[in-house]
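Okay, thanks for coming, everyone.

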Amino acid sequence: IPIALITLISIVIPIMLFFFFYNKKNSIDEITVKIQEEQGKTLHVQKILSVIAQTKQFRETLSQYLLSDNTIVDFIETVESVGKETGVAVTISGLVADDSINVPIGTINKVKARIDGKGKWVDILKFATLIESMPYKVSLSNISLRQDGMTETSKTPSWNSSFQIEILKIK
């Protein structure tokens with residue numbers, strides 16, 4: 001019996017050791033894969049943070065071209081003052097701002113309004129040009145120009161203008 005027991009032990013122990021080390025190797029391989037995945041995620045996060053740092057100045061500059069909730073009134077007052085400076089009687093109506101209460105910070109929305117003006121042809125064109133060249137992302141659409149008779153003071157034709165204005169706004 002001792003020889004049979006020694007033979008059995010010499011067969012069973014190497015088999016047990018094989019399975020033990022095989023399982024440890026599989027565990028080590030799984031841990032190595034997880035470590036590599038985490039390193040990849042860390043590298044990805046570092047790249048994103050680098051891009052954020054590199055584009056900081058550009059993003060700050062870009063936000064200057066977008067209205068915020070706090071600057072809508074200032075923008076409207078600027079449009080009215082441009083009208084006064086160019087000699088155009090301006091009426092702003094239909095002001096609609098997209099909902100920015102229930103949206104995350106950084107969301108881009110639009111502010112839309114209808115702008116009607118009355119004045120000389122040259123003044124109307126100058127007004128529209130100045131509005132378009134404001135330091136915001138402004139687009140004009142549905143532009144309508146029509147002659148309305150003569151002005152009282154200079155006996156030159158008076159013109160009515162109407163257009164939709166759309167300005168990008170950021171929350």
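**A buried serine, a core and a ring pair**

Let's start with Ser-161, which is buried, at a relative accessible area of 4%. Keep in mind as we go that this is a predicted model. Ser-161 sits in strand E4, which covers residues 157–170. So who's around it? Setting aside neighbours within four places in sequence, Ser-161 makes contact with Ile-115, Asp-116, Gly-117, Ile-124, Ser-144 and Leu-145.

Now the nonpolar side. In soluble globular proteins, nonpolar side chains tend to be buried together. Here, the largest nonpolar core has 21 residues, and the ones with the most contacts inside it are Phe-75, Phe-127, Ile-131 and Ile-165. Two or more residues each come from H3, strand E2 (108–119), H4, E3 and E4. H3 gives the largest share, five residues.

Phe-75 counts as buried, because its relative accessibility is 5% and the cut-off is under 20%. Not counting residues up to four places away in sequence, Phe-75 touches Leu-67, Met-134, Tyr-136, Val-138, Ile-165 and Ile-167.

Tyr-136 is the one to look at next. The model has three aromatic pairs. In the pair of Phe-75 and Tyr-136, the ring centres are 5.4 Å apart and the planes are at 85 degrees, so it's edge-to-face. Phe-75 is in helix H3 (residues 72–86), while Tyr-136 is in the loop between helix H4 (121–132) and strand E3 (138–150), so the pair ties together parts 61 residues apart in sequence. And Tyr-136 itself, at 23% relative accessibility, counts as partly exposed.

Technical notes: Residues numbered from 1 in each chain as written. Predicted model: local features only at pLDDT ≥ 70, side-chain atom pairs only at ≥ 80, totals over all residues. Heavy atoms only, no water. Phe/Tyr/Trp six-rings, centres within 6.5 Å; stacked < 30°, edge-to-face > 60°. Helix = DSSP H or I, 4+ residues; strand = E, 2+ residues; numbered from the N terminus. Buried < 20%, exposed > 50% of the residue type's maximum accessible area, 1.4 Å probe, protein only. Contact = heavy atoms within 4.5 Å. Core = buried A, V, L, I, M, F, W, Y, C linked by side-chain atoms within 4.5 Å.
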